[in-house]
Amino acid sequence: MAFDLGGGKGGIRPAMNVTPLVDVVLVLLIIFMVVTPLMTKQMWMTVPAKGDDPEAAAPPPDAKPPVVLTVDKAGVLRINREEVPRDQVLARLQRMLNARPDKIVFFDASDDVPYGAAMDVLDLARGGDITVGVLPDKLAD
C-alpha cells in the first residue's frame, strides 16, 4: 500500500513501498550469480606424470636435445642457454625447428620474471606458428 490513511493527527502520511525495490535487487543478484562464472578465463594444461622408472625416462642415445627458450629476471632471452637478441629469437627458433622432426619449443621462465614479461616472450614464440610447451618444473643447471 502506498499511503497510510490513518485518521490521526497527521492526516495522510506517505510510506515507501519497498517490495518493487527488493524484487529488482533479487533479479540483479540472480543475473550476476549466473554471469560471474562465465567471465573467468581458463587455460587447460596437460602435464604428464613423473615416472619412477629411470630407464623409461631416458631418451634414446641418438635423440637430439630439446629446444628450450628461457627468460630470466633481467629479460635476457636464451635458446638452449645461448643468449639471443629479442629481434632474432623467432628467426633462430624457426631455423632450429626446420632441422628437427618434432617442431616443439619448451618455454621456461625464472621465478622472478613478471607475468607480463613472460607472456610477451611466450607470445613472441607462438607468433611464428611454433608449438610451445611450458615446462612445469625448474631446469637442472
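Reader: How many bridges join strand β4 to β5, and which way do they run?
Author: Strand β4 (residues 77-79) is joined to β5 by 2 bridges, and the two run antiparallel. Strands here are DSSP runs of E, at least two residues, and helices are runs of H or I, at least four, numbered from the N terminus. Two strands pair if DSSP finds at least two bridges between them.

Reader: What stands opposite Arg78 there?
Author: Glu83 in β5 does. This is a predicted model, where local features need pLDDT of at least 70, side-chain atom pairs count only at pLDDT 80 or more, and totals for chains, interfaces and linings use all residues. Residues are numbered from 1 along each chain as its sequence is written, and side-chain values use heavy atoms, with hydrogens and water left out.

Reader: Thanks! Which salt bridges does Arg78 form?
Author: Arg78 bridges to Asp72, with the closest N and O atoms 3.1 Å apart, and to Glu83, at 4.0 Å. A salt bridge means a side-chain nitrogen of Lys or Arg within 4 Å of a carboxyl oxygen of Asp or Glu.

Reader: Is Glu83 buried or exposed?
Author: Glu83 is exposed, at 54% relative accessibility. Buried is under 20% relative accessible area, exposed over 50%, and partly exposed in between (1.4 Å probe, protein chains only).

Reader: New topic: where is Ala125?
Author: Ala125 sits in helix α4 (residues 115-126) and is buried, with a relative accessible area of 2%. Leaving out residues up to four places away in sequence, Ala125 touches Leu69, Leu90, Leu93, Ile130 and Val132; contact means heavy atoms within 4.5 Å.
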